[in-house]
Amino acid sequence: MDFQKPSASQSQAIDEIVNLLNPQTRILAVTGAGMSADSGLPTYRGVGGLYNSGETEQGMTIEQLLSGSTFRNNPNLTWKYLGQIGKACGAAKFNRGHELLAIMEHHFEDFCVLTQNIDGFHRDAGSKNLIEIHGNLHHLKCEACDFQKQVDTFEAISIPPLCDQCQSLMRPKVVLFDEMLGRDSIAHLTRQWQTGFDVVFSIGTTSVFPYIAEPVLHCHQTGKVSIEINPTETQVSNLCTYRLPLPATIVLEEIWARYSNPKKSP
Ligand SMILES: [Zn+2]
C-alpha cells in the first residue's frame, strides 16, 4: 500500500473529529469491503472483487451464483464460488485498521462494529461488540443436523464440505443473495439502536444496503456526527459531516494516535 498522508484540510478535520470524542462517546463503526482492501483482499460484498467483470464463467452473475435459490438447486455451483472466496480470504488476514477498531472498543463506553464483510477479520482482530450482518464464511453448519464447525482455511477442506456427523451438505453461515438477514444479527442491531450512538463512522462501504446506510441517514436527520472514510464517493458521501477520501488504516491510525496521545499530535 502506498503511504498517503492526510492533506492539511484533512488533518484539520481529523483534529475536529478527535475533539468530539471522549470516553463516554457512543460510537458505531459501519464497515465494508474497503476495510479489508487494506489486507490485500479482493473484495466483493465483503470478499471478492474476484468477480468485478460482472459475469462469471457459468453465464450467471455472481449475485445469482451466490444466491439462496442457486444454493438450493445446485449447491456444488454455489460452493465452487464460495470456495474461491474462502481461499482468497485464507491468503489474507486482518490489518491494522481492524486492530485499531478492536483497541478503540476498550476505550469508549459503547463501541460497536457493524460489518457487511464475511471474512471474519474484525473477530480475528479482537472486536467483541460486533455485528457480522452478512455472517461469517468460516462458520459452517450442516443442512441436515445441528453440527457446526469453524474452518480457518478453505485449502484443507473438500468443496462442497460434508458434515462430520451425518455426511450431509454443509453451508457457510452467511447471508446469500435473496436470503433474509440472520435473526441474531437483527436482534443485536436492534439492541444497539436502542442504546443509541453519538458518532457514526462509515468505513470502506458503498452503503448500497439500506441497513448499512441507515445509521448515516439517521445522523443526517438528527444532527449527529457521521464520518465517512472511503477513497471513493458513495451514495451517502454528501450526507456525512466529515468525509475523508483516504484508506481506512491511515485515517484510523491518525485518529487513534491523536486521541490516545494528544500531546504528540502535530
Ligand atoms: Zn449433519
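This is a predicted model: local features need pLDDT of at least 70, side-chain atom pairs count only at pLDDT 80 or more; totals for chains, interfaces and linings use all residues.

Student: Which residues in the largest nonpolar core touch the most other members?
Tutor: Leu101, Phe108, Phe111, Phe201, Ile203, Ile227 and Ile255, out of 30 residues in that core. A nonpolar core here is a set of buried Ala, Val, Leu, Ile, Met, Phe, Trp, Tyr and Cys residues joined through side-chain atoms within 4.5 Å. Buried means under 20% relative accessible area, exposed over 50%, and partly exposed in between, with a 1.4 Å probe and protein chains only.

Student: What does Ile227 touch?
Tutor: Leaving out residues up to four places away in sequence, Ile227 touches Ile17, Val199, Val200, Phe201, Ser202, Tyr242 and Leu244. Contact means heavy atoms within 4.5 Å.

Student: Ser202 is in that list. Is it buried or exposed?
Tutor: Ser202 is buried, at 1% relative accessible area. Ser202 is found in strand E7, residues 199-203. Beyond its neighbours within four places in sequence, the contacts of Ser202 include Val30, Ser207 and Val216.

Student: How about H6, why call it largely enclosed?
Tutor: Because seven of its ten residues are buried. Among them are Gly97, His98 and Leu101. The cover over the buried residues of H6 includes strand E1, helix H2 (33-37) and E7.

Student: Changing topic: what coordinates the zinc ion?
Tutor: The SG atoms of Cys142, Cys145, Cys163 and Cys166, at 2.2 to 2.4 Å. Donors are N, O and S atoms within 2.8 Å of the metal (3.2 Å for Na, K and Ca), and water is not among the atoms, so sites may look incomplete.

Student: Why is the arrangement tetrahedral?
Tutor: The four donor atoms subtend angles of 103 to 119°, which makes it tetrahedral; the label needs all angles between 85 and 135 degrees for four donors. Along the chain, the donors follow the spacing C-x2-C-x17-C-x2-C. Cys145 sits in the loop between E4 and E5 and Cys163 in the loop between E5 and E6, so the pair ties together parts 18 residues apart in sequence.

Student: How accessible are Cys145 and Cys163?
Tutor: Cys145 is partly exposed at 25%, whereas Cys163 is buried at 1%.

Student: What's the strand order in the open sheet of three strands?
Tutor: E5-E4-E6, with antiparallel pairing. The edge strands are E5 (148-150) and E6 (170-174), each pairing on one side only. Two strands pair if DSSP finds at least two bridges between them; E4 (residues 135-142) and E5 have three.

Student: What lies across E4 and E6?
Tutor: Helix H5 (residues 75-90), running at about 130° to E4. Axes are lines fitted to C-alpha atoms, for helices over the stretch in contact, and angles run from 0 to 180 degrees between N-to-C directions.

Terms used: Residues are numbered from 1 along each chain as its sequence is written. Side-chain values use heavy atoms; hydrogens and water are left out. Helices (H or I, at least four residues) and strands (E, at least two) are DSSP runs, numbered from the N terminus. Four donors count as tetrahedral if all angles lie between 85 and 135 degrees; four count as square planar and six as octahedral if opposite donors are over 155 degrees apart and all others between 65 and 115; anything else is irregular.
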